[in-house]
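My plan was to start with the whole fold and then zoom in.

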Amino acid sequence: MANKIYAFLGPHTSGKSTMVSQLMSMGIHYIPTVTTRVFDDRYAYKRRIYQTVKGDQYKTEKLIVNNTYQANSYGLRKSEVLDAYQNHKISVTLMHDVAGIKQLQKFINQDLVTIFLMIDDEVFVDRMLRAGCSNDEIRYYVETADETGEFEHWRDVDFVVKNTSTARVALEQILAIMGLVTLVPQSDFDNLVK
């Protein structure tokens, strides 16, 4: 089996950071996203996933993916992608748009698997409200998503996982896509369903 890199894509609040965090806690290798964005306390949990650097340092990075999203730069270091590809059977990373996926595909096309985390409008707004976002912030994210076509990026990926229920349900689907589930003997299965 060739080493694979699974790239997650989805609109704001779709659960990309949550899924990556859970996969990391299971021991799956993560290729960090370098960004110029500074996360406020509301999004402090993202500091574990993203590596924030100053704009002048970002410009000196050797990146294989380099994109701008909501006035911040996001990228993947070439050295970290190569390390993942050469030394880890499975790695995960985050993407912010289809352009980033296309940049990564040029480098590792056949061993890149893309997964879109889909949410509906109701879940989108509910998660924004629970995160403490104001109506103006929610409006901004909705307008940005509409302008950039974020909700339509599912058309450009290998798999779509609808993440409108619990994180566990989405995680189980992702693990199945990654081939990280095993079949149990029929007798064990019979005992599970009795």
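Below are my notes, from the whole chain down to single residues.

**Ground rules.** This is a predicted model, where local features need pLDDT of at least 70, side-chain atom pairs count only at pLDDT 80 or more, and totals for chains, interfaces and linings use all residues. Residues are numbered from 1 along each chain as its sequence is written, and side-chain values use heavy atoms, with hydrogens and water left out.

**Whole chain.** I found 8 helices and 9 strands (DSSP runs numbered from the N terminus: helices are H or I, at least four residues; strands are E, at least two). The radius of gyration, taken over C-alpha atoms, is 17 Å, close to the 16 Å of the globule rule for 194 residues, so the chain is as compact as a globular protein of that length. That rule is 2.2 Å times the number of residues to the power 0.38. I noted that 46% of the 194 residues are buried (under 20% relative accessible area, with a 1.4 Å probe and protein chains only).

**Cores.** Which residues touch the most other members of the largest nonpolar core? Out of 34 residues, they are Phe-8, Leu-23, Val-92, Ile-174 and Met-178. A nonpolar core here is a set of buried Ala, Val, Leu, Ile, Met, Phe, Trp, Tyr and Cys residues joined through side-chain atoms within 4.5 Å. Helix H7 (167-177) gives this core its largest share, 4 residues. I also found a second, separate core of 17 residues, with Ile-5, Ile-64, Val-81 and Leu-104 among them.

**Helix H4.** I went to residues 98-108 next and found Val-98, Gly-100, Ile-101, Leu-104 and Ile-108 buried. Seen down the helix axis, they fall within an arc of 145° (using directions from the axis to the C-beta atoms), so they line one face of H4.

**Asp-97 and Asn-67.** What caps the N-terminal end of H4? Asp-97 does, with a side-chain oxygen 3.3 Å from the backbone nitrogen of Ala-99. I then looked up Asn-67, which sits in strand S5 and counts as buried at 9% relative accessibility. Its contacts (heavy atoms within 4.5 Å), not counting residues up to four places away in sequence, include Tyr-58, Asp-97, Ala-99 and Gly-100. The side chains of Asn-67 and Asp-97 make a polar contact at 2.7 Å (a pair of N or O atoms within 3.5 Å, one able to donate a hydrogen and the other to accept it; residues adjacent in sequence count only if both atoms are side-chain atoms).

Terms used: Buried < 20%, exposed > 50% of the residue type's maximum accessible area, 1.4 Å probe, protein only.
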